[in-house]
Amino acid sequence: MGYLVDSQKEGGGSPWSGGLRSLVRRKQVDSVHARAGVGHQLAKELSVLHLIAIGVGSTIGAGVYILVGTVARQHSGPALTISFLIAGIAAALSAFCYAELASRCPSAGSAYHYSYICVGEGVAWLIGWALILEYTIGGSAVARGISPNLALLFGGEDSLPAFLARQYIPGIDIVVDPCAAILVFVVTGLLCVGIKESTFAQGIVTTLNVCAMIFVIIAGGYLGFKTGWAGYELPTGYFPFGVDGMLAGSATVFFAYIGFDSVASTAEEVKNPQRDLPLGIGLALSICCTLYMLVSIVIVGLVPYYSMDPDTPISSAFTHHGMQWAAYIITVGAVTALCSTLMGSLLPQPRILMAMARDGLLPSFFSDVNERTQVPIKSTLVTGFVSAVLAFFMDVSQLAGMVSVGTLLAFTMVAISVLILRYVPPDEVPLPSSLQESIDSVSLRYSKSSQEINVGKPVVYVGTSVDSTLPLLGEKGSTIELPLSEKQEAQGILSEEKRRKIAGWTIMFTCMGVFVLTYSASSLGLPGLLRFTLCGVGGALLLSGLIVLTFIDQDDARHSFGHSGGFICPFVPLLPIACILINVYLLINLGAATWTRVSVWLVMGALVYAFYGRTHSSLLDAVYVPAAHADEIYRNSGDSLA
């Protein structure tokens, strides 16, 4: 019947085989039954407007106030707007994938949760562990950036009150930042009050930031029409660095769109996730892309790109035209942008920790939800304390590249999860061993039905293996002859099994092709012949995988996977494969120093999983049953208890 028990429970196999099996065990989409045993639940308070506030607030940081000058001077020139557009389209590929998975699997955990369901426990752990690093360092780096901008509002770099100003401690050769730590504690306290209250506060701060950007657009547009758009009247033309420079600028500004994934982390707290999550993700990304493009159109038109101040491009552009007072409004925008980004960095991590603790991969301490506020307060306090300590003692700006690794790994796995969901969705789900009696009862019932295959029409079960459904097919010496209709049905089962195998191997080889192609294309130090050979092999694998997945049927079970009625990602398999290609290319080009630091963190995570997570996983004693039978087993167990 295809009922599988985790090998560790049975005691069979070597420890190594048990360890490898644990890496690929997958959990069930959180359902009403799965959540019944969980304690207090998160509050379902969020609407589309709340999600837009989270998405826009987490995405538009103060970086845009600097990126405009840096990218225009070094890469794009006046074509900066097109760079932002291309980067926005690339980010939208990931947003489409997130939107489908978030509406189908609306649970806390975001990419960690999706990877656990579609890929396996080992990959899910690494994604969750990388996201912890991303949000911790990201929050600390943002907090450290607030005090210098805040000081400008008080009149200068050293104008903050003494208890807030940065202080150099010669004995240990560090610069402490009390303002950063205090702001982290304030945001942590706000997050502990409740999701609706904290999101409302983030909405106010985000609105101030958006108003500052609208001021830049309107006032800058007025100045541009008044002065004749000097930045566009250049002898070098619209593409001074060529199309290659414009594309290089797109790769740089792509990271300005990181943040919309914070919306997916709040999926469990959304009132109507099937409708609101895709709308929230899509509208937040659209608003950010529109604002980025309009700001870039104005600023590169006010001042020639080669004359821009790389540190304060927007303020200096207005100062160049005699509007020194505008610098205060722009500084307010930068400060509010950083504050909303800080809230967006601290909001998802407690929910990631809570999801991992629910699954047994972290101590249950992190999974507690406060009864009154319906917020994971313990996880939030731990997150806030660690981020505050880092922000106080360390200048983590040199570690900022590590933030990108977590995000890009998550984007990549979400795209792979969409391919798995469409072509080879899990056909078996784990149930707790406490339901063994009900499982045995249902198993016996279907076993009796299958024994009547020669008397009546054979019963075909969704999610069961071919060998278990038709045990005599393919055995030598078998003399059973099935009627024509039954033969056709058996052949249909075999062809479906074959289709799933082809699709699974194709997805794997496609991902391998993406890695080989992007690595060889980025490794200029490789010998020419080897490099071009690898590019050819990787391109061939990628193109073959795209063609095969385009022409084979998607799995019918995708229609009933998770919660139905939500957003459906278009252009599968082209869109997810393009998403994987872009994100893997950006990952490979992050640099050796960044990967060295991240590798240390991932090795630490592997050790934590090996010595704790693997042996405490909630799937350790799980019993795997066909997905089509899960609800019946739960009903049967409820009837037996009644």
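Modeller: Helices here are DSSP runs of H or I with at least four residues, strands are runs of E with at least two, and both are numbered from the N terminus. Please keep in mind that this is a predicted model, where local features need pLDDT of at least 70 and side-chain atom pairs count only at pLDDT 80 or more, while totals for chains, interfaces and linings use all residues. Residues are numbered from 1 along each chain as its sequence is written, and side-chain values use heavy atoms, leaving out hydrogens and water.

Helix α16 itself spans residues 348-358, and it is largely enclosed by the rest of the structure because 10 of its 11 residues are buried. Buried means under 20% relative accessible area, with a 1.4 Å probe and protein chains only. The buried set is P348, Q349, P350, R351, I352, L353, M354, A355, M356 and A357.

What do these residues pack against? Their partners are α7 (111-118), α8 (121-153), α10 (195-227), α12 (261-265), α15 (326-346) and α17 (377-393), where contact means heavy atoms within 4.5 Å.

Among contacts between residues at least 6 apart in sequence, 85% join residues at least 24 apart.

Notes:
Buried means under 20% relative accessible area, exposed over 50%, partly exposed in between (1.4 Å probe, protein chains only).
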